[in-house]
Amino acid sequence: MIRESRKTGQKVPASVLDLSGLEYKGRIEKSAVYFYNETSGTLTAELRTLVIDQDSNPAKAAIEQLLAGPSSESLKNVAPEGMMLDYIEFSKDAANVYLLYDGTMQQKQAYTLELAIANTVTDILGASSIYVFYNGVRQGFMGYPSAPLRKQTGSIEEAWLNAYARYVPETQLLTDEEEQQEKDEENGEPPRPKITEIGTVLYFVAAGGSYILPEVRSVRFTDGNYIEGIIEELKKGPQDTAIMESPFTADLSFSQPPEYELLSDQSIRLRLFFDSLPVKSDFAHPEETELSYAALIYTLTSFIPSVSSLEVYADGLPAMKMNAADGFLIRNDFVGYIGSSAPLYFADRNSDLLLEIPRTMEQQRIWSAKARVFELLRGPLSQDGDNVWPVIPAGVDEDDILFVDVYNDTAYINLSQRFKDACKNLSARNEMLLVYSMVNTLTAMKGLSKVQFLVEGEQTETLSGHLCLTDPFLRNFGIIKQR
């Protein structure tokens with residue numbers, strides 16, 4: 001929508017807009033935080049008003065509230081005293097929550113805490129698969145591989161018993177299949193393989209070779225061969241081949257079984273022995289080799305409990321050393337390698353409309369309004385298609401985006417005078433596309449509904465003389481081309 005509430009050229013006093021009264025950069029959001037209800041035996045939500053820092057994952061504020069404890073006396077804290085949040089990763093509906101804690105917890109207490117975290121993160125992010133790590137290591141369910149957590153609505157006791165029956169092998173009751181296997185063994189028949197199907201978060205290399213991306217998949221494991229099963233799934237590649245690819249060669253195989261070493265802190269160092277280098281030799285980008293190892297260690301340390309470090313050998317020789325002094329890989333070596341997708345809006349070459357283009361960014365940067373504007377400044381990429389056209393005029397760079405600050409539901413974009421000068425010859429069409437590409441890109445962020453433009457910290461009438469920029473802009477759905 002082109003605004004004509006003021007005549008072009010009319011002076012707008014700088015005092016009309018005063019940011020000094022705004023107390024913080026960020027936004028306020030209401031969300032549920034879950035605690036244990038002893039009366040019902042379930043997790044119960046407390047509605048909290050969260051103050052979310054600018055450029056921050058909103059789940060961070062929610063988990064910090066959870067760790068601080070409930071406000072109602074009828075609810076019980078699920079986290080032990082002294083536990084702290086380290087950081088959160090989020091991509092494609094999968095979240096990793098990292099906690100710091102020096103003490104010990106009972107298994108059921110840890111499980112209750114993790115379910116409360118899963119419920120809290122799901123409500124605020126929409127995530128459907130959550131892993132929780134303590135001091136960088138995942139415990140699994142009672143030390144056994146288990147699926148990522150999902151939102152729990154029933155009783156904790158019921159959830160605990162179901163998980164125990166599903167993941168812990170020492171069960172008292174035999175299934176029909178197990179009874180038949182025992183009979184076969186008594187009759188001299190070869191034992192049938194035990195097959196377990198468990199949900200697993202697998203990591204693949206993103207198209208373009210910049211990040212790794214998760215994919216949640218149900219994986220069938222035979223006779224407890226979890227590592228072999230995971231490697232086979234990674235070799236098969238992702239289901240969405242348009243945006244991801246397998247990190248490994250299709251003919252990769254083990255030269256000897258994996259080895260486990262118990263370390264002094266009770267974590268495990270895992271050694272894998274392949275007959276050749278596991279990564280592909282025809283990657284288009286050299287950094288994809290490193291990403292392949294990132295996909296490997298993220299997948300294994302997410303699923304195999306207590307694994308803190310990994311050594312990879314190819315034909316008897318070390319294959320990859322991020323830590324040159326020690327020669328092993330740890331998950332923390334690859335923090336920042338996970339990508340996440342954010343919608344950007346560029347011009348459609350063949351119309352007066354904008355095209356929505358998914359852009360893979362480092363997953364922490366998707367919470368930054370300024371980072372999204374920088375991606376617009378970066379322009380279309382080769383994989384975006386021939387019809388995708390840049391909207392920001394030539395001759396400007398990141399220094400011309402003075403700030404992009406968020407105050408509650410409004411993003412303020414402060415442009416330099418040089419940016420405005422670069423826009424002076426834009427047509428009405430191009431000025432409209434430029435403005436609404438930024439407006440629609442930022443209002444795609446949760447909690448943002450308005451965008452206010454400034455030049456050198458003050459309100460401006462226009463950029464090129466066609467569109468009045470005095471007031472904040474709302475999202476324009478009508479300018480988006482439907483595909």
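Phe141 is buried, with a relative accessible area of 4%. This value comes from a predicted model. Tyr111 is buried too, at 10%. Anything under 20% counts as buried.

The rings of Tyr111 and Phe141 form an edge-to-face pair. Tyr111 lies in helix H2 and Phe141 in the loop between S5 and helix H3, so the pair ties together parts that are 30 residues apart in sequence. Ring pairs also bring in Trp160 and Tyr167, giving a cluster with Tyr111 and Phe141. The structure holds 17 aromatic pairs.

A pair of rings is described by the distance of the centres and the angle of the planes. Two pairs are listed here.

| Ring pair | Centre to centre | Angle between planes | Class |
|---|---|---|---|
| Tyr111 and Phe141 | 5.2 Å | 85° | edge-to-face |
| Tyr407 and Tyr412 | 5.4 Å | 80° | edge-to-face |

Tyr407 is buried at 11% relative accessibility. Tyr412 is buried as well, with a relative accessible area of 11%.

Now to strand S5, residues 129–134. Why is S5 largely enclosed by the rest of the structure? The reason is that 6 of its 6 residues are buried. On one side sit Ser129, Tyr131 and Phe133, and on the other Ile130, Val132 and Tyr134. Both faces are covered.

S5 pairs with strand S4 (residues 94–100) in the parallel sense, over 6 bridges. Asn96 has Tyr131 of S5 as its bridge partner. S4, helix H2 (residues 107–125) and S5 make a right-handed β-α-β unit.

Charges meet rings as well. The charged end of Arg269 sits over the ring of Phe328, 4.0 Å from its centre. The charged end of Arg331 sits over the ring of Tyr298, 3.9 Å from its centre.

How values were computed: Residues numbered from 1 in each chain as written. Predicted model: local features only at pLDDT ≥ 70, side-chain atom pairs only at ≥ 80, totals over all residues. Heavy atoms only, no water. Buried < 20%, exposed > 50% of the residue type's maximum accessible area, 1.4 Å probe, protein only. Helix = DSSP H or I, 4+ residues; strand = E, 2+ residues; numbered from the N terminus. Pairing = 2+ DSSP bridges. Right-handed = clockwise from strand over helix to strand, strands pointing away. Phe/Tyr/Trp six-rings, centres within 6.5 Å; stacked < 30°, edge-to-face > 60°. Lys NZ or Arg CZ within 6 Å of the ring centre and 35° of its normal.
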